[in-house]
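Please read the points below alongside the sequence and the structure.

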Amino acid sequence: MRTPFHFDELDLYVWEGKADVLDRIARCMASFDVEVIRADGIPQPQERLKGRVGVAIISVTVIDGGGLSMASEVLQGMPVIWVAAANRDRDTRLYPAEYQHILPFDFTGAELRTLVTKLVQQLRAHDATPDRPDVLVANSECMQSLLSEVTAFADCDHNVLVHGDTGVGKERIAQQLHVGHSLYGKGPFVPVNCGAIPDGLFESHFFGHAKGSFTGAVHAHRGYFEQATGGTLFLDEIGDLPRYQQVKLLRVLEDNVVTRLGSTVPIKLDFRLVAATNCDLRELVQSGDFRADLFYRLAVIELQVPSLEARGAVDKIAIFKAVMASVMGEAHRESLHDLPYWLTDAIADMYFPGNVRQLRNLAERVGVIVRQMGAWDQTLIERALALARRMSPAPGSAPADTEPGEPASRRNWDATERNRIISALETKEWRRLETAQFLGISRKVLWEKMRKYQITNGEPGIPQPD
Ligand SMILES: Nc1ncnc2c1ncn2[C@@H]1O[C@H](COP(=O)(O)OP(=O)(O)O)[C@@H](O)[C@H]1O
Ligand SMILES: [Mg+2]
């Protein structure tokens, strides 16, 4: 989370063109401790703007000198106050529709200050809302290595494709890539669910539309591409995009410009693109359901978010604790240091096909129980666990031998868990107590699992309890 800023950290950048408004602005703002900077004259405004909190004031007269495109290049999501003749009809062919805050040339000091204060408050509110309401748990080795990839690739402009099952945290990883970008990270993060774009509305959603371009288009509307200017566009469930929409998307990404419906003015695009998929896009390319050219454009860098099972009990328990802590509040935080063993064992043993999302749901429920009852009420918690298990029976409750009708995900899960246990045992040189602690489960459960998966230390026979 960025630290909140004070009013005296605010810079006002003024592009005055031929309007002569800079001195007046400086006078009106004299009682506020802000810096008023003539932006027309800065040779390298990009450098200057980096990392600063600012509001731009642009006079309509910059259009004549071609200064508008220069200005929009360096704004990077900064709010803009547009100074234009009063009552002038807004003309989106002349300037971008997001310049919604308008001051007349004969603005009064009070009008200017009210508007600047409002924009600063909006910026503050935006800053006070954490980008991520809670921690990103990544204790397991596979998550650690994913996070180091994320750190390595965050601050580059290449497109990223994030793979992973539903609920594993693909969007969280995309946000992580966003905040890690030195430039686009300061702009907006615009998530778009590609599976939820109604037929026929692709253009209006992605390209936006001009006012009156079709019945019902009462206001001009910026499409997703424009909304993401200076930030990150996150295309979720990209595999759900029908083929005819894939062509349109590809064309925009190639041309890097977009034209709103009902308009002829091309708008230059500038954002970082991250896409995510829970289906195997390569397979979709093979079967002809996904365009190969679009795939290669999206998948310059590929990241794979591991399933919750692959992360193992270390992450399951840590996520469980983190979510419970956020539900129960500070007062109860202490009691979370030692979750009862029966609870950690149960969580470690449960299979969550819905991944982190499903585990979070269970943790919230248990958090509410503990907060309301003021204790680890085993009966109520067991009931919550049983409900969750009904959604996803634990592998322990199924026969060890896989049956023909058994879903592939279960067999994969068993194989993954077996490997995870073996590698933990090897790490701890087959010391069971340390391995159990490492995995966040009790010795008894470890022993049961070793028996179930017939894991022995190279010696024949069924493992015995130690
Ligand atoms: N590593 C993590 N630590 C804590 N919470 C996480 C983590 N990864 C995901 N979550 C949470 O799990 C839920 C699902 O994550 P999301 O990114 O929406 O998954 P996906 O996009 O893969 O379906 C969200 O509530 C998210 O905050
Ligand atoms: Mg998602």
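1. One aromatic cluster is made up of Phe202, Phe206, Phe207, Tyr224, Phe225 and Phe271. Rings of Phe, Tyr and Trp (its six-membered ring) pair if their centres lie within 6.5 Å; planes under 30 degrees apart count as stacked, over 60 as edge-to-face and the rest as tilted.

2. The model is predicted: local features need pLDDT of at least 70, side-chain atom pairs count only at pLDDT 80 or more, and totals for chains, interfaces and linings use all residues. Residues are numbered from 1 along each chain as its sequence is written, chains are lettered from A and ligands numbered from 1 in the order in which they are written, and side-chain values use heavy atoms, with hydrogens and water left out.

3. Over the whole structure, the search finds 8 aromatic pairs. One of them, phenylalanine 189 with phenylalanine 234, is stacked, at 5.8 Å centre to centre and 20° between the planes. Phenylalanine 189 belongs to strand S7 and phenylalanine 234 to strand S10 (residues 232-236), so this pair ties together parts 45 residues apart in sequence. Strands (E, at least two residues) and helices (H or I, at least four) are DSSP runs, numbered from the N terminus.

4. Phenylalanine 189 counts as buried at 19% relative accessibility, and phenylalanine 234 is buried at 0%. Buried means under 20% relative accessible area, exposed over 50%, and partly exposed in between (1.4 Å probe, protein chains only).

5. Phenylalanine 295 and tyrosine 296 form an edge-to-face pair, because their ring centres are 5.3 Å apart and their planes stand at 75°. Phenylalanine 295 is buried, with a relative accessible area of 3%, whereas tyrosine 296 is exposed, at 59%.

6. In what order do the 5 strands of the open sheet run? The order is S7-S10-S13-S6-S14, with parallel pairing; two strands pair if DSSP finds at least two bridges between them. Strand S7 (189-193) and strand S14 (301-304) are the edge strands, each pairing on one side only. On average, neighbouring strands of this sheet are turned by 20° against each other, direction ignored.

7. Strand S6 (residues 160-163) runs parallel to S14 and is joined to S14 by 4 bridges. Opposite valine 160 stands isoleucine 301 in S14.

8. The charged end of arginine 24 sits over the ring of phenylalanine 107, 4.4 Å from the ring's centre. For this, NZ of Lys or CZ of Arg must be within 6 Å of the ring centre and within 35 degrees of the ring normal.

Key
Axes are lines fitted to C-alpha atoms, for helices over the stretch in contact, and angles run from 0 to 180 degrees between N-to-C directions.
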